[in-house]
Amino acid sequence: MSTAMERQTQPTEVTAERTRTRPTYTPAVDIVENQDELLVLADMPGVKAADVDVQFENGTLTIHGHVHERQSNATRFLRREYGVGDYHRTFQVSELVDAEQIAAEYVDGVLKLHLPKVAQAKPRRIAVQGK
Amino acid sequence: MLTTRFNRWNTMNGFRNEVDRLFTDIFGDAPAGALASRVGTFPALNIWEDAEHIRIEAELPGLQLADIEVVVDENDLTIKGSRKAPETEGVSFHRRERGVGTFSRTVRLPVAIDAEKVEATLNSGVLQVTLPKAPEARPRKIEVKAAQ
């Protein structure tokens, strides 16, 4: 479990290429399902809420976070153990999600997405009538 | 120019690293439990300097300043903290990649610093520690006087 906490230092490939070449990283995520919703938690430190782009289309959830450079190119690094770049990740969501009701918040470097299930995807308890 | 030469010692070191890794995997203090203790490797650090400061940055998403402890002991800087696990009651996980538990990492600082004036800020999960160099460790500009 804890190994996931170590961020990949190698940039990962993005399916759709972007015009500007910058390293792009895959954020570590938790996807949690309860009765009412799917909850996506993504570690995206150093992003501003306005620079997070979340799209949901045809069951595909795309998360993109743009990170502004924090150090200039002239910085004299004594140690450089992780790279700074954009975040990108795409998921296929099989559950029936109510796209209109998707809510997102960004707190302390973690993106939190609430994907509420549509009524028919929620488990229903059928009462069995006895005579 | 970058040259690659066969070096017997590199091969030996490579083998030794493999063995070290094997032993760390088996005897390392990272049990598969939720509260794994990671000493030494987390968080990853970027360290840089300018004339007056050493600056250390770490990515600690989901933590607040109260969850983090930054300790300077002479030439060692330690960053300690813990991250809580998400609620697991009555839920199922489709992905579980975000690490939880306690961590501690210590680095040796390259120069003497003024421990009284160390500052730490946390912004959107990015911790930045600013350590002013001790006066004797700062570069000094020497006036060159023309000989009379």
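Q: Which residue is the bridge partner of E33(A) in β6(B)?
A: In this predicted model, E33(A) has S92(B) as its bridge partner.

Q: What makes β2(A) and β6(B) a pair of strands?
A: Pairing needs at least two bridges between the strands. Four bridges join β2(A) to β6 (residues 92-96) of chain B, so the pair qualifies. The two run antiparallel.

Q: How do you know that β8(B) and β9(B) pair?
A: The bridges are counted again. β8(B) and β9 (residues 126-132) of chain B share five bridges, and the cut-off is at least two. Their sense is antiparallel. One bridge sets E119(B) against T130(B), the partner in β9(B).

Q: What is the strand order of the open sheet of five strands?
A: The order is β6(A)-β2(B)-β3(B)-β9(B)-β8(B), with antiparallel pairing.

Q: Why are β6 of chain A and β8 of chain B said to stand at the edges?
A: Each has a single partner strand, so one side of each is left without a neighbour in the sheet. The strands concerned are β6 (76-80) of chain A and β8 (119-123) of chain B. On average, neighbouring strands of this sheet are turned by 20° against each other, direction ignored.

Q: What makes residues of chain A and chain B count as being in contact, and how many do?
A: Their C-beta atoms, placed from the backbone, must lie within 7 Å. By that test, 31 residues of chain A are in contact with 35 residues of chain B. On the chain A side, β2 (29-33), β3 (37-43) and β6 each supply at least two residues. By class, that side has 15 nonpolar, six polar and 10 charged residues.

Key: Residues are numbered from 1 along each chain as its sequence is written. Chains are lettered from A and ligands numbered from 1 in the order in which they are written. This is a predicted model: local features need pLDDT of at least 70, side-chain atom pairs count only at pLDDT 80 or more; totals for chains, interfaces and linings use all residues. Axes are lines fitted to C-alpha atoms, for helices over the stretch in contact, and angles run from 0 to 180 degrees between N-to-C directions. Two residues are in contact if their C-beta atoms, placed from the backbone, lie within 7 Å. Ala, Val, Leu, Ile, Met, Phe, Trp, Tyr, Cys and Pro count as nonpolar, Asp, Glu, Lys and Arg as charged, and the others, Gly among them, as polar.
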